[in-house]
Amino acid sequence: EVREKMLKAALGLGLADFSKCRYEPDDVFTVNARGQIIQTVNQTALRIPLLRAAMMIGQKMRETAFVDRDPQLLKRVVEYHSCAADELQDVSLINWLAKTCSQGYVSQFCDEFG
């Protein structure tokens with residue numbers, strides 16, 4: 001049970017790599033962001049409109065979805081959305097990024113996802 005919780009936490013932060021496993025758990029969503037594979041749990045992906053759309057397209061095409069977005073920024077978005085709801089109370093994504101990233105990163109994020 002502890003291992004499972006740790007795995008879900010690592011997935012939520014995009015830190016787990018299932019590419020070396022023989023199978024992928026049903027609750028893992030994989031996306032190709034400009035050639036870099038990013039994985040998270042489905043619950044987190046469904047909170048992000050871009051990934052929700054990519055998930056539907058990937059399921060329809062029966063292949064890993066591709067998004068033309070900066071993988072480092074996409075990892076930040078996944079990290080933000082993987083936080084517990086109470087941690088996000090009254091915190092916008094831009095404010096959260098401003099606290100965790102450089103100003104250039106925030107500007108790039110606005111260009112990429114705005």
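This is a predicted model: local features need pLDDT of at least 70, side-chain atom pairs count only at pLDDT 80 or more; totals for chains, interfaces and linings use all residues.

Student: Is Arg62 buried or exposed?

Tutor: Find the loop between helix 3 and strand 3, where Arg62 lies. Its relative accessible area is 77%. That is over the 50% cut-off, so Arg62 is exposed.

Student: What is the phi of Arg62 near?

Tutor: Most residues other than glycine have a negative phi. Arg62 has a positive value without being a glycine, with phi near 60 degrees.

Student: What pattern does the protein chain follow along the sequence?

Tutor: Helices (H or I, at least four residues) and strands (E, at least two) are DSSP runs, numbered from the N terminus. The protein chain has six helices and three strands. Written in sequence order, the pattern is α-β-β-α-α-β-α-α-α.

Student: In what order do the three strands of the open sheet come?

Tutor: Two strands count as paired if DSSP finds at least two bridges between them. Strand 2 (36-41) and strand 3 (65-67) are the edge strands, each pairing on one side only. The open sheet has mixed pairing, and its order is 2-1-3.

Student: How many bridges join strand 1 to strand 2?

Tutor: Strands of a sheet pair through backbone hydrogen bonds, either parallel or antiparallel. Here strand 1 (residues 28-33) and strand 2 run antiparallel, and Val31 stands opposite Ile38 in strand 2. The number of bridges joining the two strands is six.

Student: Which helix lies across strand 1, strand 2 and strand 3?

Tutor: Look at residues 71-82, which run at about 5 degrees to strand 2. For that angle, axes are lines fitted to C-alpha atoms, for helices over the stretch in contact (heavy atoms within 4.5 Å), and angles run from 0 to 180 degrees between N-to-C directions. The element is helix 4.

Student: Which residues have the most contacts inside the largest nonpolar core?

Tutor: A nonpolar core is a set of buried Ala, Val, Leu, Ile, Met, Phe, Trp, Tyr and Cys residues joined through side-chain atoms within 4.5 Å. Strand 1, helix 3 (49-61), strand 3 and helix 4 each give two or more residues to this core. It has 14 residues, and those with the most contacts inside it are Phe29, Val31, Leu51, Val67 and Leu74.

Student: Why does Thr30 count as buried?

Tutor: Thr30 is found in strand 1, and its side chain joins that of Gln39 through a polar contact of 3.1 Å. A polar contact is a pair of N or O atoms within 3.5 Å; within protein, one must be able to donate a hydrogen and the other to accept it, and residues adjacent in sequence count only if both atoms are side-chain atoms. Thr30 counts as buried because its relative accessible area is 12%.

Student: What distance separates the C-alpha atoms of Arg69 and Ala33?

Tutor: Arg69 sits in the loop between strand 3 and helix 4, and counts as partly exposed at 28% relative accessibility. Arg69 and Ala33 are 36 residues apart along the chain. Their C-alpha atoms are separated by 5.9 Å.

Note on methods. Residues are numbered from 1 along each chain as its sequence is written. Side-chain values use heavy atoms; hydrogens and water are left out. Buried means under 20% relative accessible area, exposed over 50%, partly exposed in between (1.4 Å probe, protein chains only).
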